[in-house]
Amino acid sequence: MTHVVAQGTFDLLHPGHVHYLRDAAGMGDRLTVIVARRENVSHKEPPVLPNRQRRDVVAALDAVDDARVGHPEDIFAPIEELDPDVIALGFDQHHDEAAIEDELARRGIDCKVERASPRDPEYDDELLSTGRIIDRILDERG
């Protein structure tokens, strides 16, 4: 059985997230998703929704076998515990694949790192970014 781990913030779940997780699930037989803790998100604005709510919504997707909130201090702790065969990164996630591979090797974790495929909008006003969704809400209702 090939165990895949995907991760992300998943604030305001959108079709881009669904595509990423379906693609990640297709990389193996079992998909576990690690939802970033709000307090650990530093590369962009922190999520609006609480950790548990984002985890619960991700867990409800058919492609996802298990979802959990990330570790409070060490983002690699769940990877050590889960011992996956593949870490699936989103097409446009900010992560440096080489740095992840180096840390996995340092910790003795034998795991591939793969990128999910991109998903283009299927119609003119489809939004595939949480930031763009928030901007649209603020423009239209703010």
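Predicted model: local features only at pLDDT ≥ 70, side-chain atom pairs only at ≥ 80, totals over all residues.
In which sense do strands S2 and S3 pair, and over how many bridges?

**View 1. Pairing of strands S2 and S3.** Strands S2 and S3 are joined by four bridges, and their pairing is parallel. Val33 has Ala67, in S3, as its bridge partner.

**View 2. The five-stranded sheet.** The sheet is open and consists of five strands with parallel pairing, arranged in the order S3-S2-S1-S4-S5. From one strand to the next, the twist averages 25°. As a general principle, strands of a sheet pair through backbone hydrogen bonds, in either a parallel or an antiparallel manner.

**View 3. Pairing of strands S1 and S4.** Strand S1, residues 3–8, pairs with strand S4, residues 86–89, through three bridges in the parallel sense. Ala6 is found opposite Ala88, which belongs to S4.

**View 4. Helix H2 on the sheet.** Helix H2, formed by residues 51–59, packs on the sheet and touches both S2 (30–35) and S3. The direction of H2 makes about 170° with that of S3.

**View 5. Helix H4 across strands S4 and S5.** Helix H4 comprises residues 97–106 and lies across S4 and S5. Relative to S5, helix H4 runs at about 160°.

Technical notes:
Residues numbered from 1 in each chain as written. Heavy atoms only, no water. Pairing = 2+ DSSP bridges. Helix = DSSP H or I, 4+ residues; strand = E, 2+ residues; numbered from the N terminus. Axes fitted to C-alpha atoms, helices over the stretch in contact; angles between N-to-C directions. Contact = heavy atoms within 4.5 Å.
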